[in-house]
Amino acid sequence: MNKLKSFLLLSATFLIALMACDPGRIFDQTYTVPESGWDRDSVFHYSVDISDSLLLHDFYISIRNNTNYPYSNIYFFLSTEFPNGHSTTDTIECILAGKDGRWLGNGSGAIKDNLILLQRGLRFPITGQYHFYIEQAMRDEQLKGIEDVGLRIEKTGL
């Protein structure tokens, strides 16, 4: 048990140190999908405070899938609620496997990590708190094979 505690403490310390070495990151949050699958009605909510409307940002979705995922792509609905109450919804397709069937992303085992750039050089039009909502837009009631879904925002060029 002590070895497990030591390993967890070392892992947490490493992650904190790794995150501290990422000065360009504005926001990075990931949700774990239940083992039963990503329910069609399950929506992940991300709340981001933007304090500079002149700064350019790179906007990413992170997806971790296992090799049992039955498709080569995934569709999302991404809804954005602006600080002034206006909102938009976009449908986004992310490619997870090449035409030859090989999984994209990093990882040598059964789990593949993808950091997919949605927009480079994005300027948030106003300061304040933005709310982003991501839901799966596939036809499956319970989408299996997706492990984690995240949103990452970085300063452009760092």
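Visitor: What is the mean pLDDT of the chain?

Guide: pLDDT expresses the predictor's confidence in each residue, from 0 to 100. This is a predicted model, and the mean pLDDT of its chain is 89, with 85% of the residues reaching 70 or more.

Visitor: Where does pLDDT stay under 50?

Guide: That is the case over residues 10-19, and for this stretch the model has one contact beyond four places in sequence.

Visitor: How many bridges join strand β5 and strand β6, and in which sense do they pair?

Guide: Strand β5 (residues 73-81) pairs with strand β6 (residues 87-95) over nine bridges, in the antiparallel sense. As one example, L78 has D90 in β6 as its bridge partner. Five residues lie between the strands of this hairpin, where G85 takes a positive phi near 95°.

Visitor: Which strands form the open sheet, and in what order?

Guide: The order is β1-β10-β4-β7, with antiparallel pairing among these four strands. β1 (25-32) and β7 are the edge strands, since each pairs on one side only. On average, neighbouring strands here are turned by 15° against each other, direction ignored. Seven antiparallel bridges connect β1 and β10; R25, for instance, has E154 in β10 as its bridge partner.

Visitor: How many residues has the largest nonpolar core, and which have the most contacts inside it?

Guide: This core has 29 residues, and those with the most contacts inside it are W38, I63, I74, F76, F132, I146 and V149. Among the elements giving two or more residues to this core are β5, β6 and β8 (128-136).

Visitor: What does F76 touch?

Guide: Leaving aside residues up to four places away in sequence, F76 touches residues including W38, I63, D90, I92, I134 and V149.

Methods. Residues numbered from 1 in each chain as written. Predicted model: local features only at pLDDT ≥ 70, side-chain atom pairs only at ≥ 80, totals over all residues. Heavy atoms only, no water. Contact = heavy atoms within 4.5 Å. Pairing = 2+ DSSP bridges. Core = buried A, V, L, I, M, F, W, Y, C linked by side-chain atoms within 4.5 Å. Buried < 20%, exposed > 50% of the residue type's maximum accessible area, 1.4 Å probe, protein only. Axes fitted to C-alpha atoms, helices over the stretch in contact; angles between N-to-C directions.
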